[in-house]
Structures are given as structure tokens and as C-alpha cells.
Amino acid sequence: MVFESLAEKLQNALGKLKGKGKLSEKDVKNAMREVKLALLEADVNYKVVKDFVKKVKERAVGHEVMDSLTPGQQVIKIVNDELCNLMGKTQSKIEFADSPPTIIMMCGLQGAGKTTTTGKLASLLKKKGKKPLLVACDIYRPAAIKQLEVVGGKVDVPVFSMGDKQNPVNIAKAAVEHGKKNGNDVIIIDTAGRLHIDEELMEELQDIKDEVKPNEILLVLDAMTGQDAVKVAESFENKLGINGVILTKLDGDARGGSALSIRAVTDKPIKFVGMGEKLDELEPFHPDRMASRILGMGDVLSLIEKAQENFDTKKALELEQKLRKQEFTFEDFLDQLQQMKKMGPLSQILEMVPGVNSKQLKKLNVDDKELVHIEAIIQSMTKEERLNPSIIDGSRRKRIAKGSGTSIQQVNRLLKQFNETKKMLKKLGKMEKTMKKRGKFNFPFFQ
Ligand SMILES: Nc1nc2c(ncn2[C@@H]2O[C@H](COP(=O)(O)OP(=O)(O)OP(=O)(O)O)[C@@H](O)[C@H]2O)c(=O)[nH]1
């Protein structure tokens with residue numbers, strides 16, 4: 001889970017304040033000591049931590065907290081505010097050119113995930129109605145051009161390349177001409193990476209920059225490299241000048257130090273984050289939402305957006321009707337499961353639900369394999385069985401288990417869960433009806 005250990009420690013430290021009716025300066029001081037340690041252990045830049053704790057402390061011992069009826073909650077709110085500030089308050093979007101094409105130059109060290117991210121970004125922009133063109137300017141790493149072509153093919157975006165015998169500046173220049181002719185409104189240039197920053201690389205990037213005058217220079221950084229990523233960002237900002245950062249592999253970064261330091265150290269925003277290897281796993285970065293995720297307050301907005309992107313509204317409405325009439329079958333269940341899978345790994349989804357904190361998530365031991373089993377079991381049922389599960393007797397259970405490569409116990413468990421869910425839905429439906437009759441409230445049933 002993203003920020004797992006940091007989230008756990010912060011939630012622990014602040015949880016102690018939550019229930020208290022009154023806070024002493026000592027309470028605040030103790031909590032802040034823990035917050036400081038948690039941030040340092042998360043590999044957040046030392047100076048950033050010092051400033052952060054100072055700001056929170058100043059506010060936390062002021063009137064805004066001490067005179068409040070819920071001082072503990074107020075401190076959490078302050079920590080939340082300051083975490084947002086640390087990451088740049090609001091989302092930083094791509095600045096598109098007034099007259100297209102918008103030119104985006106991607107840079108970064110080898111292995112940060114530049115090529116993959118270039119493809120992800122193109123795919124995201126395409127979904128937003130843009131017509132991107134990818135440009136292969138890494139002529140040094142063997143197979144870099146091929147890799148970009150493969151990625152471009154997967155997201156169905158054209159790739160401009162001139163092989164590895166041409167100078168990258170000429171390639172970039174020709175690509176822009178080509179893009180203009182072909183009506184591409186965004187041109188994304190994949191530049192060469194190096195193992196370390198060296199003058200030659202910087203000069204080449206500067207030459208491309210001077211030639212094509214990009215609207216955006218985006219630096220791709222690997223979140224797992226922690227403070228090294230922050231140093232790379234400082235270097236690129238000083239030597240080349242960047243507009244923002246794309247932080248990759250955040251899905252594997254339990255500490256989160258780079259995400260929390262980059263903005264404060266370089267004054268450049270994180271614009272997107274990579275959340276997995278797949279080409280649709282790039283998300284716009286929202287500091288406010290990330291802060292509430294770290295504090296276990298959920299991220300309802302991202303959850304809704306994800307659902308809207310992946311769920312079919314018409315199907316959802318049909319399902320609601322079925323649920324109301326208790327006609328919910330395994331067919332619908334399978335449908336639901338498949339739609340949900342599109343939203344990403346379960347643990348990532350649950351992390352966005354308010355009230356699910358890092359500790360609970362650990363205990364839940366969410367296993368996506370379980371979903372695969374469930375899907376296999378349902379797929380091994382006949383259509384008749386899916387529509388009318390009550391006919392599934394012993395011998396049918398045996399057949400289904402065999403067909404899905406699971407055990408009879410697993411099949412039994414699923415049938416039991418399904419029956420219980422149906423019973424619960426029935427109860428909820430009844431409850432909603434009585435409440436409505438009494439005019440008490442409108443139960444937000446499956447909205
Ligand atoms: N888990 C995870 N893996 C990622 C993410 N982004 C990229 N990767 C993986 O990181 C590895 C390196 O990515 P590349 O795109 O090949 O690296 P690169 O920076 O383009 O390398 P150069 O072209 O040599 O500079 C690949 O295995 C990617 O699948 C991410 O957000 N999460």
C-alpha cells in the first residue's frame with residue numbers, strides 16, 4: 001500500500017489525541033515528536049520535516065485548537081492542511097499550448113520508467129480526446145526505440161522514429177513538423193536516459209529544448225529511490241529547468257519520502273503518479289486527496305472518478321432495479337465482478353474508502369486471487385445455475401469445483417455468501433420502504 005508505514009505511524013500518533021476533550025501543550029509536543037519520527041523514517045527530507053513540524057506545532061498550540069471543543073480533531077485537520085501544503089495544495093495540470101501542438105518533453109534517468117510513462121501519458125491524453133504523437137529520441141539504449149513502438153502500439157498512438165543514426169535534436173525537430181502536418185495536437189518526446197546525471201546528457205536535453213521549445217518538461221522519477229529522486233529533481237531543475245514531475249512506482253513505495261519532499265525542495269509540482277506497470281495505471285496527482293489517504297480519511301473523490309471511468313451507468317441502473325426486486329443472480333454478480341476488476345487491485349480501491357485505515361487493511365489481507373477464484377467458479381456454472389442457484393446440489397457442486405480448479409469448500413462458501421448477501425439486500429430493501437413510508441429518510445441504496 002502507498003505510504004503504508006507512514007500512514008500507520010501518523011494515524012497512531014494522532015489517534016491518541018482524537019478522544020481527548022482537552023489538550024495540553026505537552027500532549028501536542030509528544031504527538032509531534034512521533035509525527036517527526038514517522039516522517040523521518042518515511043525518508044522525508046530532514047529540513048522539510050523540521051519546517052513541517054514547526055508549522056503544525058505553532059498552529060496546534062494556538063486558539064484555533066486549544067479553545068475548540070474537539071481539539072484532537074483540530075490537530076488532525078492542521079496536519080492534513082500542512083501535508084497538502086507540502087505537496088502543493090492543488091492539482092497541477094498539464095499546460096496546453098494556446099495554439100497546438102503542445103510539446104511535452106519527457107526526461108529522467110534510466111530505469112525510472114520513462115518509456116512506460118510516456119505511453120501511459122499518451123493513453124491518458126487520448127482518453128481526454130487529444131491526438132498525441134510519440135517521438136523516439138533515445139538513440140543510445142539498445143531497443144529503446146522498439147520499446148516505445150511496442151508501448152505506442154498497445155495504446156494505439158503513433159510513434160515517430162528515425163532510427164538510431166540521426167541526432168536527437170534533428171529527430172525532435174522533424175517530429176514536430178510531422179505532427180503538425182498530421183494534425184497531432186500533443187507531441188510527447190521520449191528522451192535518452194543515463195545511469196547518472198552527466199554533462200553530455202544535460203547538453204543534449206538543453207539542445208532539444210532550445211530547438212523545439214517544449215510547453216512542458218516533465219521529469220520522470222522513481223519514488224522507490226527516495227531522497228535520491230529528490231536530488232535528481234534538484235539537479236534537473238537547476239541545469240535544465242522543469243515544469244513538473246511524474247513520480248513512478250508509487251504503488252510499491254510504502255515510505256513516500258520523495259512524494260512528500262519534491263515540491264518543498266524544488267518548488268516544482270508532482271503532476272502525475274504511476275501506480276502500477278499497466279499502461280492505464282497513471283493518475284493525476286491531487287495533494288489534498290493524497291493527504292487524506294495518508295491520514296486514513298479516505299479519498300472519496302478518486303473513488304468516484306475511478307468508478308465513473310470504469311462502470312457502465314446503464315448497467316448500474318439495471319442492477320439497482322434488480323436489487324430492489326431481489327432478482328439479483330450470479331449472472332449479475334459476475335458482471336459486477338468484472339466491472340470492479342477494471343478499477344484496479346482491491347487493496348488500492350479499499351484504501352480510498354474513508355474509515356478503512358492502514359491497520360485494518362493489513363488485517364483484511366485483501367487477496368485479488370480470491371476474486372479470480374470466484375470468477376472461475378461462476379464461469380463454471382451453467383446459465384441455468386447462475387440464474388437459479390437453488391438447483392446447485394451436491395453433484396453440481398462437485399462438477400463446478402472441478403471445472404473451476406477450486407475445492408467444494410470454496411464453492412460452498414461462495415454459495416453461502418451469495419445467499420447471505422441476498423438476504424441482507426432483502427432486509428435493506430424492506431428497511432428502505434418503511435423508512436420512506438414514515439418519511440424519515442431516503443436510504444441511499446446503491447447509489
Ligand atoms: N510497479 C510499477 N512499475 C513501473 C511503473 N512505471 C514503470 N514501471 C516499471 O519500471 C521498469 C522500467 O521502466 P522503463 O519505462 O523501461 O524505464 P525507462 O526509464 O524508460 O528506461 P530508459 O528508457 O532506459 O530511460 C519497467 O519494468 C516498468 O514496467 C509504476 O508506476 N509502477
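How close do the axes of helix 5 and helix 12 come, and at what angle do they cross? I looked this pair up in what is a predicted model. The axes of helix 5 (residues 71-87) and helix 12 (residues 287-294) come within 8 Å, and the crossing angle is roughly 135 degrees. That makes helix 5 oblique to helix 12, because an angle has to be over 145 degrees to count as roughly antiparallel. For handedness, I noted a right-handed crossing of helix 5 past helix 12.

Helix 5 brings Asn-80, Leu-83, Cys-84 and Met-87. On the helix 12 side I found Pro-287, Asp-288, Met-290, Ala-291, Ser-292 and Ile-294. Sorted by class, the contact of helix 5 with helix 12 has seven nonpolar residues, two polar and one charged.

I zoomed in on one pairing. Strand 1 (residues 102-107) and strand 4 (residues 186-190) run parallel and are joined by five bridges. Within this pair, I looked up Met-105 and got Ile-189 in strand 4 as its bridge partner.

**Entry: helices across the sheet**

The axes of helix 8 and helix 9 come within 9 Å and cross at roughly 30 degrees. That makes helix 8 roughly parallel to helix 9, because angles under 35 degrees count that way. The crossing of helix 8 and helix 9 is right-handed.

In that contact, helix 8 supplies Pro-168, Val-169, Ala-172, Lys-173 and Val-176, while helix 9 supplies Glu-204, Asp-207, Ile-208, Glu-211 and Val-212. My tally for helix 8 with helix 9 is six nonpolar, no polar and four charged residues.

Most residues other than glycine have a negative phi, and most peptide bonds are trans. So I went after the exceptions. Where is the cis peptide bond? I found it from Pro-100 to Pro-101, with omega near 5 degrees. Pro-101 sits in the loop between helix 5 and strand 1.

Lys-249 is not a glycine, yet I read a positive phi of about 60 degrees for it. Lys-249 is in the loop between strand 6 (244-248) and helix 11 (257-266).

**Entry: the record**

Last, I looked at the annotation. UniProt, in an unreviewed entry, puts "domain: SRP54-type proteins GTP-binding" at residues 269-282. I checked that span in the model: residues 269-282 are 0% helix and 43% strand, with the end C-alpha atoms 16 Å apart.

Key
Residues numbered from 1 in each chain as written. Predicted model: local features only at pLDDT ≥ 70, side-chain atom pairs only at ≥ 80, totals over all residues. Heavy atoms only, no water. Pairing = 2+ DSSP bridges. Helix = DSSP H or I, 4+ residues; strand = E, 2+ residues; numbered from the N terminus. Axes fitted to C-alpha atoms, helices over the stretch in contact; angles between N-to-C directions. Parallel < 35°, antiparallel > 145°, perpendicular 65-115°, else oblique. Left-handed = near helix turned anticlockwise from the far one by under 90°. Contact = heavy atoms within 4.5 Å. Nonpolar A, V, L, I, M, F, W, Y, C, P; charged D, E, K, R; others polar. UniProt positions renumbered as here; feature names shortened; annotations may be inferred.
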